[in-house]
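Trainee: Before I rely on the words used for this fold, I would like to go through them with you and see what stands behind each one.

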Amino acid sequence: MNDPRPPQFKADATQGDGIGCHSGKSEMLAAAQQAGKSEVLEQYARDYPLAAEAGPHDQPQSMCPAFGSLRVGLRMRRTATILSGSACCVYGLTFTSHFYGARRSVGYVPFNSETLVTGKLFEDIRDAVHKEADPARYDAVVIINLCVPTASGVPLQLLPKQINGVRIIGIDVPGFGVPTHAEAKDVLAGAMLRYAREEAAAGPVAAPRNGRAQLPTITLLGEMFPADPVGIGMMLAPMGLAAGPVVPTREWRELYAALDCAAVAAIHPFYTASIREFEAAVRPVVGSAPVGHDGTEAWLQAIGNAANVPQARIDAAKNAMLPAIRGVLAKAPIKGRITLSGYEGSELLVARLLVESGADVRYVGSACPRTVWSDADREWLEAKGVRVQFRASLEQDLAAVDEFRPDLAIGTTPVVQAAKQASIPSLYFTNLISARPLMGPAGAGSLAQVINAAIANKTRFDTMKAFFGDVGSGDKAGVWEGVPTEHPGFREQTRKKIIRLQKKLEQESMGS
Ligand code: SF4
């Protein structure tokens with residue numbers, strides 16, 4: 001039976017001004033460690049290592065990391081997802097999820113200082129989970145601790161493992177422990193795989209919706225364009241293999257099918273917790289992906305080897321695909337110097353495809369960490385003279401644009417903005433590049449059109465720059481009747497006020 005007493009929380013992390021993802025990381029971390037979260041934070045530190053030098057990913061530089069877990073939960077059938085965190089964080093996360101087309105409600109357990117300090121928040125979470133756990137509607141209820149509840153030690157591990165047959169998955173996804181939203185997808189996918197693996201080990205589990213696959217399958221790790229798994233299936237067919245589920249899955253029972261594979265293709269190489277579960281299920285894992293000619297050849301060989309396919313069948317698969325890929329690449333060349341950065345984890349694969357299409361790629365920055373599963377892509381790119389930067393900061397991405405003055409900068413929103421300001425054509429990685437097929441013959445030609453069109457826009461940028469000059473930049477941005485007058489005196493006054501306030505806070509904290 002559960003202990004009916006509410007657990008005592010360490011709520012110091014919530015005291016003070018400005019605590020959140022833009023400040024107070026060390027305080028939050030220390031509070032979380034004292035509050036009994038050391039084990040989970042140490043695991044995250046191993047799974048999602050930061051850069052050796054104090055990196056920018058000490059705090060999120062892109063969206064709140066918890067969005068990754070939330071999105072994985074919201075995309076699954078018969079799964080309820082509940083957030084526990086500050087109202088401002090939850091507002092941002094629900095806004096972003098609906099912006100990206102979630103067609104589900106996001107659950108929320110609010111708190112205040114009192115419910116947090118007294119432990120009532122945990123009771124509220126337990127009540128919410130019990131209320132949601134309706135087996136007619138759900139296979140699983142996911143509850144996500146954001147920064148403040150994690151730092152305060154809200155013990156989701158004390159929730160029941162299942163209620164009326166509905167699985168309860170509690171995870172901590174603090175911005176001070178999980179560096180990017182990409183890795184937060186792995187936190188939830190890994191937790192679900194672990195649960196499903198333990199269920200499968202304990203006894204029979206549900207078959208996939210369309211029955212078990214007739215052929216041995218390859219599980220695909222990482223979100224990808226919907227046509228890519230179909231294309232991969234066609235590439236695998238000559239080897240007597242089939243494409244298995246994509247993890248993160250869209251339904252609970254797919255987790256069993258994902259575990260029941262001949263091998264795992266770590267298409268996105270940062271799914272460390274998920275890979276741990278596959279390895280625990282004794283499944284071989286293969287890095288990289290079938291992108292371009294060289295990438296496809298190496299990947300088919302590695303997958304064939306991992307699945308014990310005879311060499312003649314591996315060669316048959318290669319012969320069926322490689323000439324077609326070579327033909328498409330030759331027909332759709334890309335000419336121009338490119339820098340590329342993103343936070344999806346597929347940046348190295350896109351760069352390979354660009355290089356094979358003829359582009360002069362100088363820099364690839366990924367917000368994700370280096371892993372053994374990205375080694376093959378990194379080595380291939382470095383051999384072609386491309387600088388590869390893992391855990392890349394916005395500053396490093398911008399410096400690369402400055403250094404290489406590319407014909408096209410592919411990147412995140414701030415990189416694209418900076419490039420446009422410098423009259424450099426640019427494309428958003430997430431919206432325009434990762435929303436296209438990348439694998440096999442379909443992927444080979446998919447980037448050329450959009451990239452060549454963007455590069456050809458250079459003269460339009462020059463014309464606009466010449467027309468507008470420096471109008472509307474910096475403090476004068478916006479619509480004004482006249483040229484705004486600067487008031488340096490006000491600025492100085494505010495600066496002094498802030499310094500006074502900081503000193504006062506420092507003195508107070510020394511006296512406390
Ligand atoms: S939960 Fe997300 S938005 Fe909120 S403080 Fe943490 S990292 Fe920032």
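Trainee: At what angle do α11 and helix α13 pack, and how far apart are their axes?

Mentor: This is a predicted model, and in it α11 and helix α13 (residues 347-356) pack at an angle of about 125°, with their axes 7 Å apart.

Trainee: What makes α11 and α13 oblique to each other?

Mentor: The angle is about 125°, and the roughly perpendicular range is 65 to 115 degrees while roughly antiparallel needs over 145; α11 and α13 are therefore oblique to each other. On the α11 side the contact is made by G292, H293, D294 and G295, and on the α13 side by R352, L353 and E356, and by class these residues divide into 1 nonpolar, 3 polar and 3 charged.

Trainee: Why are α11 and α12 called roughly antiparallel?

Mentor: Helix α11 (residues 292-306) and helix α12 (residues 311-331) pack at an angle of about 165°, with their axes 9 Å apart. Angles over 145 degrees count as roughly antiparallel, and α11 and α12 are therefore described in that way. The crossing of these two helices, α11 and α12, is right-handed.

Trainee: Which residues of α11 and α12 meet?

Mentor: From α11 they are G292, H293, T296, E297, L300, Q301 and G304, which meet R313, I314, A317, K318, M321, L322, I325, R326 and L329 in α12. By class, this contact of α11 with α12 has 7 nonpolar, 5 polar and 4 charged residues.

Trainee: What makes α2 oblique to α3?

Mentor: Helix α2 (residues 66-74) packs on helix α3 (residues 87-99) at an angle of about 50°, with the axes 10 Å apart. Roughly parallel would need an angle under 35 degrees and roughly perpendicular starts at 65, and that makes α2 oblique to α3. The crossing of α2 with α3 is right-handed, and the residues that meet are A66, F67, L70, R71 and L74 in α2 and L93, T96 and S97 in α3. By class, the contact of α2 with α3 has 5 nonpolar, 2 polar and 1 charged residues.

Trainee: How do you know that β1 and β3 pair?

Mentor: Pairing requires at least two bridges, and 6 bridges join strand β1 (residues 79-84) to strand β3 (residues 140-145), the two running parallel. Within this pair, T79 stands opposite A140 in β3.

Trainee: What makes β2 and β4 edge strands?

Mentor: In the open sheet of 5 strands the order is β2-β1-β3-β5-β4, with mixed pairing, and β2 (107-109) and β4 (162-163) each pair on one side only.

Trainee: Which elements give two or more residues to the side of domain 2 that touches domain 3?

Mentor: The domain assignment gives domain 1 (11-179), domain 2 (217-326) and domain 3 (333-466), and the centres of domain 2 and domain 3, taken over C-alpha atoms, are separated by 25 Å. The contact takes 26 residues from domain 2 and 26 residues from domain 3. On the side of domain 2 that touches domain 3, the elements you ask about are α8 (227-236), α11 and α12, of which α11 gives the most, with 6 residues. The residues on that side of domain 2 divide into 14 nonpolar, 10 polar and 2 charged.

Trainee: What is the omega of the peptide bond from V247 to P248?

Mentor: Omega is near 5°, and the bond from V247 to P248 is cis; P248 lies in the loop between β7 (242-247) and α9 (252-259).

Key: Residues are numbered from 1 along each chain as its sequence is written. This is a predicted model: local features need pLDDT of at least 70, side-chain atom pairs count only at pLDDT 80 or more; totals for chains, interfaces and linings use all residues. Axes are lines fitted to C-alpha atoms, for helices over the stretch in contact, and angles run from 0 to 180 degrees between N-to-C directions. Helices (H or I, at least four residues) and strands (E, at least two) are DSSP runs, numbered from the N terminus. A crossing is left-handed if the near helix is turned anticlockwise from the far one by less than a right angle, and right-handed if clockwise. Two residues are in contact if their C-beta atoms, placed from the backbone, lie within 7 Å. Ala, Val, Leu, Ile, Met, Phe, Trp, Tyr, Cys and Pro count as nonpolar, Asp, Glu, Lys and Arg as charged, and the others, Gly among them, as polar. Domain bounds come from an automatic or database domain assignment.
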